[in-house]
Amino acid sequence: STPADCGVRLVVLNACRLRAVGVQFSRGGIPHVVGCAVDLRETTSQVFLRALYGSLFQGSTVARAFSATLVALRSDPDAATRASAEHFYLLPEEPGVHNEVLFPPERPPLVGEAEQAPLTCAAPGAPQMLKMTGYVGRLS
């Protein structure tokens, strides 16, 4: 079975120069692969990830989230971050294949429904862990 058969819909390669790896993920059936073709500074990576995940978790399609990420990079006050936008990629590079919403926005609870408990940290200063359907990650 392929990773896509197991429910993997998106791979984000948050490391430098992994386009060949991204191509292999794409050929292996992952429908959305995001990466960068050059070395990244940490500040650029932070802008990139915050914009990408922020858009995805608000219910954007992968294509719109990627476009919003490029806008965020091109709008950054740092010249190196602005220039890096030209080196990010979304695979496969076929029109119309990235119109999937990975994280549909949740509806607000109805009157009388229990609300979910807020996220909590295990220890003061420890990063919060975020769990969503199909995603486990760390809040920065």
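In this predicted model, the buried residues of helix 2 are T44, S45, V47, F48, A51, L52, S55 and L56. They lie on the same side of the helix, because the arc they cover around its axis is only 165 degrees. E42 and R50, on the other side of helix 2, are exposed. The helix itself runs over residues 42-57, 16 residues in total, and its first and last C-alpha atoms are 22 Å apart, close to the 22 Å expected at 1.5 Å a residue. Just after helix 2, G59 adopts a positive phi of about 100 degrees.

What lies over the buried residues of helix 2? The cover includes strand 1 (10-16), strand 2 (32-36) and strand 3 (88-91), together with helix 3 (62-74) and helix 4 (79-84).

Several of these elements meet again in the largest nonpolar core, which has 18 residues; V34, L56, L73 and F88 are those with the most contacts inside it. Strand 2, helix 2, helix 3 and strand 3 each give two or more residues to this core, and helix 3 gives the most, with five. In general terms, nonpolar side chains in soluble globular proteins tend to be buried together.

V34 illustrates the packing. Beyond its neighbours within four places in sequence, V34 is in contact with L10, V11, V12, L13, F48, L52, F66, Y89 and L90. A second, separate core comprises six residues, among them V11, I30, V33 and L91.

The place of G35 is also in strand 2. G35 counts as buried because its relative accessibility is 0%, below the 20% cut-off. When neighbours within four places in sequence are set aside, G35 is in contact with L13, H87, F88 and Y89.

The chain has a mean pLDDT of 82, with 75% of its residues at 70 or more. Helix 3 has the highest confidence, at 97, whereas strand 4 (residues 129-132) has the lowest, at a mean of 43. Over residues 118-136 pLDDT stays under 50, and for this stretch the model has 25 contacts beyond four places in sequence. Where pLDDT is low, predicted coordinates should not be read in detail.

Key: Residues numbered from 1 in each chain as written. Predicted model: local features only at pLDDT ≥ 70, side-chain atom pairs only at ≥ 80, totals over all residues. Heavy atoms only, no water. Helix = DSSP H or I, 4+ residues; strand = E, 2+ residues; numbered from the N terminus. Expected span 1.5 Å × (residues − 1). Buried < 20%, exposed > 50% of the residue type's maximum accessible area, 1.4 Å probe, protein only. Arc of directions from axis to C-beta. Contact = heavy atoms within 4.5 Å. pLDDT = per-residue confidence, 0-100. Core = buried A, V, L, I, M, F, W, Y, C linked by side-chain atoms within 4.5 Å.
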